[in-house]
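These are my notes from a first pass through the structure.

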Amino acid sequence: MLHDVGKLTIADIRRLYSEERVRPAEVLESYLNRIEEKDPAIGAFLHIFKEKAIEEAETLDIALMESKPLFGVPIALKDNICTKGKPTTCASRILEGYVPPYDATVVERLKEAGAVIIGKTNMDEFAMGSSTENSAFQLTHNPWDTDYAPGGSSGGSAAAVAAGMVPVALGSDTGGSIRQPASLCGVVGMKGTYGRVSRYGLVAFASSFDQIGPIGKNVRDTAFLMDVVSGHDPHDSTSIQESHSSLVEALEEEIGDLTFSVPRGFRDLDLSPSVREALGETVEYLRNSGREVREVELPDLEAAMACYYILADAEASSNLARYDGVRYGYRHRADSLIEMYEKTRGEGFGEEVKRRILTGTYVLSSGYYDEYYSRAQKVRAMIIEDFRRVFSEVDVVITPTSPTPAFKLGEKVDNPIAMYLSDIFTTTANIAGIPAISIPARLSPEGLPIGIQVMAGLKEERKMIRAAYALEKEFDFQSKVSGPEVG
Amino acid sequence: MNVTEVQEYVPVIGLEVHAQLLTKTKIFCSCPSTYGAEPNTLVCPVCLGLPGALPVLNREAVSMAILMGLATNCTIAEESVFARKNYFYPDCPKNYQISMFDKPLCADGFIEFELDGETKRVRIERIHLEDDAGKLIHEEDGGSLVDFNRCGVPLIEIVSRPDMHSAEEAGAYLVMLRKILRYLGICSGNMEEGSLRCDVNVSVMPAGSSEFGTKTEIKNLNSFKAVEMGIRYEIERQIEVLKNGGKISQVTNLWDSGAKKLVTMRSKEYAHDYRYFPEPDLLPLEVDDEWIDGIRTKMVELPLERERRFRKEYNLSSYDASVLCSEKKIADYYEELASIAGDPKLSANWMMREVMEELKEQSVSIEQFSLQPERLAGLIRLVKENVVSGSAARDVFKEMVKSNESAEEVVRRLGLEQISGEGELEKMIDEVIAENPREVERYREGKIQLLGFFVGQVMKKSRGKANPKLTGEIIKRKLSG
């Protein structure tokens, strides 16, 4: 038994195995013990596969370690990623008890790479939210201060990594759902270019925005996990055809002549003072190390938010139509078909999900389609063009990940617009399909982490990861900060 | 409908035809698209619409749709876009259908057919691809079950312009459409099994008007007969309403084939808002010239062209040509037969009578028919060369259907070679003359129609083997002498 698994990185775990000091089952057991100890206060996990995980770890053959990049590495998955024979609920009543008959492509790749799925994490219902408070089942608490929200929607995955209950986790990012909770929980979270990671088996929220991505303690672990799950998948027509080139290898490259930029007028952005300071420090560091930091014109963030909520909700209204009580999940038994539909969906979905379905249905309705959906598509095309222009001039854009550090549980739950604004810096990357990563920079005076976002052009994950790696070294968050004291 | 009414009002008819494509697998997954399997055995996460599953387009379905587009003179779009058609129904597992909306694969074509000796042209507005829904099975206790095997079977929807003006025209258009689909080998065209389905839009307008009346839709037309009957019923109903000063309301009617009448399903107030939008799980469908050229090489001679060629090249009647071209395989069989036998007219006669009757009797298709063209051509040659008589040949045909023997072998086995030796014939004729003195007398008195009687007697005596033509000549000679 290992006592302090909380701080282990993937490299640490591999070292333990290669020096043959431990077996995979022991590592899994240690993490399971930590979950048992810490999670009651955090509430990151919806399902923990205790016996199954140890059983799977037992079958791993140490002789195969070299060919398996995640050999014996425990991992947590957001509960909207399908796992064969294991529950996948999207934190929704409507999928309570649902067990998929197939594995998502990322799950197949993780298994192939030797990872062991230790559990599934809490989230905002169907990934709709920014605090994980929209889960139908439980609250998740921020490991840095349990009065605070972990962010969302991948709040469970970010909190699990932050609390050291798993070394890495997968989340999904539709408008910032990996990066924002990573920022609020002081961990690294990234989403690749749209199509970089297969969506096959990711329960759809907004198909043209959704991307699965890694959450880890540092850039290297995140890159490591990204390399495993990326690459073309014939089951996903929107998956990028060309092969993925290694991000871990990109870390070895010199930062070289990468051109950095920040949004024009970044000093006047509507930010919490501590976030403003963190961004200012980042720019200062770069300039001090002799780099030019240009100011670039970013798309209008408010227009981007409107565009995002129209298109994402339109897609969601259609994607969530299948939860009707006919074939699986929750069913309200009724005398007529219409009544069954209405009661099943009325009782099975939470308030935020219903709000999105209503919005999405409205913007697609005949008579409103042109005014909303078509116009939002035009805005999307403009934002894509704006970013194309930006990235023809610079390599990366630096922004805060979130305008504030973590907010208190319950603080924004009744104010959807305030909640939506939490994603103001992250949604543009999903609208344009570009890669983006959040890395922890420093703590706020209240002791809450602040994340910085690095965005790059389409398919330029390598540039993004090199810039993020360089910033991570400068911030030196891991060694400066002792980490959350949990439980 | 009486003649005056037809003159007072002009019906305007458009058809929306759904055809299941004969691909090996479904349109968005690799499940077999076979008909008639045990319920819910041909399903997977994709066609069941399970959470997280994604569609991947079957290119074979696209090729078939393009082939139909080319056959109906459509323009093939370089880029077409799949769209979601949103509606709730238990046979539709995603509660949306993946179809095409404002950017269909094929557009602006036409189909020609002949009706009462006239060539008619009906314009095709569009042909697009979509996935089929499952099938609801209603139980006696009021419950319902769903079979998802059909879910995801590829469909093309062929939408005509409102260019038809009578039930007969609509029927003839549908018949030609089905023939084309079957010629191309992309749809079985079975309306009873639902592999071909037809919805109809009907309106009537006062003669001389250029403004269409309010249209109604007819669904559930599951046979050619139902299509024509439903249209006729609806035209009469609409004229009746208008003549009584009423207005037509925009409704969808279901054809009740038992009661032979239309039942209103829903009115316009309940019309669906399908909230179409581009399917984000699929990329726009791009079709380049290379793909189209490859498909063009699979194009066959189409039924109307072939019918016209048969009439001209083989000098067949319109009726014979249309029957022989009703199915591509029958036309192929006929052409092979005619070419080997070297006699298109005689071959057509054999096709129209014996072959068609035999197929019907055995209820087999021409491909399953035991007597293939080469063997049948052998028989036709024997008839042509007077080796066997027409009546004996029919017996030979029956034998050949049952065995693998050649015509010559059967003729030899049954001893049916036609007797054309004059000596042998004269012997039999003399006997017949001796046996029928009264008829001989009457013939000589001028009742020359009795010649047939004498020939018949000789045929009987020879058990059908006598050459009837030669026999007649000898009898004539003998009795006039």
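**Entry 1: ground rules and the strand at the edge**

I began with strand β7 (residues 260–263) of chain A, which is joined to β8(A) by four bridges, the two running parallel. Within that pairing, Ser261(A) has Arg294(A) in β8(A) as its bridge partner. I take two strands as paired if DSSP finds at least two bridges between them. Helices (H or I, at least four residues) and strands (E, at least two) are DSSP runs numbered from the N terminus.

I note that this is a predicted model, in which local features need pLDDT of at least 70 and side-chain atom pairs count only at pLDDT 80 or more, while totals for chains, interfaces and linings use all residues. Residues are numbered from 1 along each chain as its sequence is written, chains are lettered from A and ligands numbered from 1 in the order in which they are written, and side-chain values use heavy atoms, with hydrogens and water left out.

**Entry 2: the sheet in chain A**

Contact means heavy atoms within 4.5 Å.

**Entry 3: strand β3(A)**

How do β1(A) and β3(A) pair, parallel or antiparallel? I find the antiparallel sense, over three bridges, with His47(A) opposite Lys120(A) of β3(A). β2(A) and β3(A) pair in the parallel sense over five bridges, and there Leu77(A) has Lys120(A) as its bridge partner. Six of the six residues of β3(A) are buried, so the strand is largely enclosed by the rest of the structure. Buried means under 20% relative accessible area, exposed over 50%, partly exposed in between (1.4 Å probe, protein chains only).

**Entry 4: backbone angles**

Most residues other than glycine have a negative phi, and most peptide bonds are trans. I listed some exceptions. Ala91(A) has a positive phi of about 55°; Ala91(A) sits in the loop between β2 and α4 of chain A and is buried at a relative accessible area of 0%. Ser363(B) has phi near 40°, lies in the loop between α9 (344–362) and α10 (373–384) of chain B, and is exposed at 62%. The peptide bond from Gly152(A) to Ser153(A) is cis, with omega near 10°. Ser153(A) belongs to the loop between β3 and α5 (155–162) of chain A.

**Entry 5: chain B**

I found an open sheet of three strands in chain B, ordered β5-β4-β15 with antiparallel pairing. The edge strands are β5 (96–100) and β15 (277–278) of chain B. Strand β4 (residues 82–86) of chain B is joined to β15(B) by two bridges, and Arg84(B) stands opposite Phe277(B).

Arg375(B) lies in helix α10 of chain B and is buried, with a relative accessible area of 17%. Not counting residues up to four places away in sequence, Arg375(B) touches Ser370(B), Met400(B), Ser403(B), Asn404(B), Glu405(B) and Ser406(B).

Gly456(B) is in helix α15 (residues 451–461) of chain B and is partly exposed at 33%.

**Entry 6: cavities**

How many cavities of 30 Å³ or more does a search of the whole structure find? I count five. A cavity is a set of points, on a 1 Å grid over the protein atoms alone, where a 1.4 Å probe fits but cannot get out; lining residues have an atom within 4 Å of a point. The largest cavity holds about 130 Å³ of space; a volume is the space filled by probe spheres set on the points, which are joined across faces, edges and corners. Its lining has 19 residues, and the closest to its centre are Phe28(B), Val46(B), Cys47(B), Lys94(B) and Asp131(B).

How values were computed. On a 1 Å grid over the protein atoms alone, a cavity is a set of points where a 1.4 Å probe fits but cannot get out, and a pocket is an open set with protein on both sides within 12 Å along at least five of seven lines; lining residues have an atom within 4 Å of a point.
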